[in-house]
Amino acid sequence: MPALEVSAFVAAIDRGAIPLDLRSPVQYAAAHIACSVLLQFGRQDLGDRAELYLDKSDPYVLLMEPAPLGPVAEKLLAGAGYQVAGYLQGGLKSWSEAGLPVRTMATGTVQELQSKLAAGESVPLIDVREDFEFDWAHIDGAVNLPHGEIWERGAQLDHERPWYVICNDQVRSGAAAGMLERLGFRQLTLVLGGTAAWLEAGYPVIKAG
Amino acid sequence: MIFKQISYGPDGCASYFLGCAKAKEAAVVDPLASVGIEEYLMEAAERGLAITQVIETHTHADHLSCGRALSEATGATYWLGEAARPLVTYDFTGMHDGDELRVGKVSIRVIATPGHTPDSVCLLVTDQARSAEPWFLLTGDTLFVGDVGRPDLLVGDRRLDVYDAKERAGLLFQSLKERLLTLPDHVEIYPGHFGGSACGGVNMSGKAASTIAFERRFNLALQHDDAESFGQFVVAGLKPLPKNYAQIKRQNLGLKEDA
């Protein structure tokens with residue numbers, strides 16, 4: 001259950017470990033390790049949520065901040081049956097200080113999204129909430145691709161398009177965007193505040209039935 | 001807003017986690033070493049919040065704080081009443097009466113309430129998303145549910161050479177009557193201790209929250225109209241001194257690093 005220095009962390013990735021980023025979607029968007037999967041930390045349900053996306057036959061290495069939560073996250077995931085090779089000592093700072101590249105992801109607010117749509121721009125939008133949530137209320141033109149089906153169905157979408165990704169806040173959309181990035185999508189925008197913020201702003205939605 | 005009382009039962013200590021989900025910021029008030037910094041970090045991490053403020057209502061004499069460690073782990077500003085400046089050996093950002101700290105839409109107004117200690121403050125919290133009226137008050141060890149803070153824990157503070165227990169009781173009376181009981185009835189009270197804590201007297205309730213109106217009417221200590229009879233009442237109802245309090249206080253003041 002080790003804290004891994006950057007070189008050991010990179011070596012584990014080279015041997016096939018998947019980097020799993022447990023920070024917030026906002027932190028992930030600001031800077032993250034290429035092809036890491038994003039799953040916001042949760043003490044009660046981290047293992048349960050991991051099972052929605054992550055195969056227990058793969059090995060993982062973790063990125064968690066602040067530093068004292070590295071071993072906590074590792075213990076939670078190992079307890080849920082995951083093979084965890086360790087966590088990055090010093091967090092993303094040590095990665096950057098080693099001269100290794102980071103990737104960013106665009107973020108946007110519901111206000112920005114609404115003004116684009118109101119101006120008649122074509123905005124490709126993926127809503128990753130469950131289908132019953134989508135039916136209850138969604139933004140006109142959104143495609144429903146539930147977050148638990150990204151690995152299976154994500155490749156059906158055109159990865160060249162500049163997709164906006166939305167959920168109810170930004171936790172599931174962040175996880176979905178991370179998976180889509182791993183599938184080769186490069187022009188993603190994470191909508192912060194999600195459908196809840198959209199509704200709170202009083203913007204129009206489509207209701208099924 | 002996000003608000004959670006995080007208590008440690010065996011000592012009857014309470015700490016508080018406040019946050020704004022929109023701004024993704026949080027403050028922790030009186031973090032407890034017995035709870036550990038991981039607990040507070042997890043509260044923030046699982047909500048995607050960054051802890052930006054760590055606030056002490058005073059330097060504690062009955063339990064160890066993990067405020068400085070939490071501030072170091074997060075980069076949060078570490079706040080302590082400015083009156084603690086000559087008492088402690090470490091650096092902090094001083095709070096003055098009337099200061100307003102912000103956590104997104106949540107504002108935290110500092111009310112200087114010397115008495116239990118010279119650096120005691122109460123924190124009046126307003127959720128601007130709900131109302132411009134204050135919603136609740138974190139009272140530290142100044143006002144408890146059913147009781148008031150004790151004025152006789154003088155270790156370290158003697159370096160100021162200003163207060164004795166009787167003077168402290170007078171200051172406490174003034175702080176309570178003039179600064180706290182003048183707040184609106186609806187303001188809720190969340191204290192630094194409840195139940196069997198040794199930081200108050202024998203009338204401290206096991207209930208961990210109250211309101212200004214209820215305490216104004218039913219808190220026995222607050223039924224006294226002058227500082228002298230208030231002081232006599234409080235001193236008569238004191239419990240034994242908290243175990244190891246002098247050592248704990250010294251450590252919280254930075255005078256001694258290890259217990």
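Glu100(B) and Arg109(B) pair their side chains in a salt bridge, with 3.0 Å from N to O. This is a predicted model, and a search through the whole of it turns up 21 salt bridges over all chains. Four of them lie across the interface of chain B and chain A. Here is a friendly tour of the pairs and of the surface where the chains meet.

- Elsewhere, salt bridges with shared partners tie Arg43(A), Lys4(B), Glu39(B), Glu43(B), Glu46(B) and Arg47(B) together in one network.

**Where chain B meets chain A**

- The contact involves 14 residues of chain B and 14 residues of chain A.
- Together the two chains bury about 1100 Å², and carbon and sulfur atoms account for 61% of that area.
- One salt bridge here joins Lys22(B) to Glu200(A), whose closest N and O atoms are 2.5 Å apart.
- Between chain B and chain A there are also five residue pairs in polar contact, counting those with both residues at pLDDT 80 or more.
- On the chain B side, helix 1 (37-45) and helix 2 (67-74) each provide at least two of the residues that touch chain A.
- Helix 1 of chain B makes the biggest contribution to that side, giving seven residues.
- By type, the residues of chain B that touch chain A comprise seven charged, five nonpolar and two polar.

**A buried pair in chain A**

- Asp21(A) and Arg23(A) form a salt bridge through their side chains, at 2.9 Å from N to O.
- Is Asp21(A) buried or exposed? Asp21(A) is buried, because its relative accessible area is 0% and the cut-off for buried is under 20%.
- Arg23(A) also counts as buried, at 4% relative accessibility.

- Asp97(B) and Arg179(B) meet in a side-chain salt bridge of 3.1 Å, N to O.
- Which parts of the chain does this pair link? Asp97(B) sits in the loop between strand 6 (93-95) and strand 7 (100-103) of chain B, while Arg179(B) belongs to helix 3 (residues 165-180), 82 residues apart.
- Asp97(B) is partly exposed at 43% relative accessibility, and Arg179(B) is partly exposed as well, with a relative accessible area of 30%.

Terms used: Residues numbered from 1 in each chain as written. Chains lettered and ligands numbered in written order. Predicted model: local features only at pLDDT ≥ 70, side-chain atom pairs only at ≥ 80, totals over all residues. Heavy atoms only, no water. Contact = heavy atoms within 4.5 Å. Buried area = accessible area lost by both parts, 1.4 Å probe. Salt bridge = Lys/Arg side-chain N within 4 Å of Asp/Glu carboxyl O. Polar contact = N/O pair within 3.5 Å; in protein donor to acceptor, adjacent residues only side chain to side chain. Helix = DSSP H or I, 4+ residues; strand = E, 2+ residues; numbered from the N terminus. Nonpolar A, V, L, I, M, F, W, Y, C, P; charged D, E, K, R; others polar. Buried < 20%, exposed > 50% of the residue type's maximum accessible area, 1.4 Å probe, protein only.
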